[in-house]
Amino acid sequence: MTRPLLIEGGVVVTMDAGRRVFQKGHVLVSEGRIVAVGEAAIDPPAGAELIDASGMVVMPGLIDTHAHAGHTLTKGLGDDSEQWMNVTGRIYAQATDSEFWAAEAGLSACERIKCGTTTSALLFGGGPDIMRTDDAEAAEAHLDVIADMGLREVLAVGPNRRDSPWAYRKYGQGSYTEFEISPEAQLSVSVALIDRWQGRNDRLHIAMSLPVFTARELEDEHIHAICRQVRDLARQKGVLLVQDGHRDGSIAANAERLDLFDGRSLLAHCIDLTEADIAVLKRTGAKVAHNPSALMSVYGRCPAPELIEAGVTVSLGTDAAAPDRPFDMFRNLFQAHRYHARHFRDDAVLPPMQLLEMATIEGARALCMEDEIGSLEPGKRADIVLVNMRQPHLWPPVHPVQRLVRFANGADVDTTIVGGRILMRGRQLVGMDENAILDRAERAFHRMAERAQLV
């Protein structure tokens, strides 16, 4: 059990229903939950650890609603995005083992902790094309590391497309066996992971993922049957259904053919939507993960401000951590504003508070966790970050929300707390060896590169 914490003297940005900001506030934490928040002095309980937050903003941990496991060890591969995607698909299928996924999880978690991201939703692999769900071993290795490092995570697992170009390889004792994997077998592994992790750790959750199929593809009865199975399993197990890559009529097509969406559906990217797509989002309560730094946002536009105006929950994701973007959610806050301000030629679009909502309480709502995380309120999980504002690029000390959204970056995070456990303080990981994490990731990278014949 963690010690009680009393964080005092900082500017507390609560993100509660009133969006209250306390200029010299206090947050009391006990048994992993927030007990009190406000400006009135709080007497610390016996044995409490005191954190002086003078010169800092105290805020909810950031929530990244769309990213990928695996990507932190594929940065720098390929000269352009198409080459990177081809190389990465081959790596995931043919050059990884459980140690790769464990080492990558440690590196990914380290980056997120240091950027102030306390909760993430990750697809386990390269989006809809190469999900490493041939057996449970790789996902178990990833989850064990994340559990040890203390972050909150939703890991989405599920089937590939049928036309995946790569056969899978499994390594052991210096050699490998090559095999094909069916969507049905991947579904079986995914269900086993859900059953194994439900209730095992309150920070870790498994979701179902499903490739985005077009209206024409859904005419294939085998594809239709797989989609129905994923839909029914997600609802039966009470887990999120996550999809990566909706665009240009695909939401409406899947709703019409499959009745696929409900309030536990999280749809990433959502670019160039039709009126019918938007109508489905409004009717079903499906949520959107907007990724302004992603390649999909170069190919088309997610109408995030319009969706918010229509009552759709829109959160922010990094789509991290490669080929050209980190896990830094502050970067996405800034980029989201510029992306839509340029479109409308209006700097007032997506003001600072609304952007911060997308990265905190709306992110929690997208993950169906708004009763647990996303704001600093009594009873909620103590997922808290402290941002060092006493720096030239964050000065003078006025308008804290605007400074966070417009000027801050992940390296400004001083302290990261999840469930009352301090994971980083003074930019130093607590109880974890950052150099050991980096060394392990480097070894896994070189082993993978040799197998993939990249060296």
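Tyr92 and Trp101 are both buried, where buried denotes under 20% relative accessible area, with a 1.4 Å probe and protein chains only. The model is predicted: local features need pLDDT of at least 70, side-chain atom pairs count only at pLDDT 80 or more, and totals for chains, interfaces and linings use all residues. Residues are numbered from 1 along each chain as its sequence is written, and side-chain values use heavy atoms, with hydrogens and water left out.

**Aromatic pairs**

- Five aromatic pairs are present in the structure; rings of Phe, Tyr and Trp (its six-membered ring) pair if their centres lie within 6.5 Å, with planes under 30 degrees apart counted as stacked, over 60 as edge-to-face and the rest as tilted.
- The pair of Tyr92 and Trp101 is tilted, because the ring centres are 5.3 Å apart and the planes stand at 45°.
- Phe100 and Trp101 pair edge-to-face, at 5.1 Å centre to centre and 80° between the planes.
- The relative accessible area is 2% for Phe100 and 0% for Trp101.
- Tyr92, Phe100, Trp101 and Phe124 are linked into a cluster by ring pairs.

**Charges over rings**

- The charged end of Arg112 sits over the ring of Phe327, 5.5 Å from its centre; the criterion is NZ of Lys or CZ of Arg within 6 Å of the ring centre and within 35 degrees of the ring normal.
- Over the ring of Trp197 sits the charged end of Arg200, 3.8 Å from the ring centre.

**Surroundings of Arg231**

- Arg231 is buried, at a relative accessible area of 15%.
- Leaving aside neighbours within four places in sequence, Arg231 is in contact (heavy atoms within 4.5 Å) with Leu258, Asp259 and Leu260.

Methods. Buried means under 20% relative accessible area, exposed over 50%, partly exposed in between (1.4 Å probe, protein chains only).
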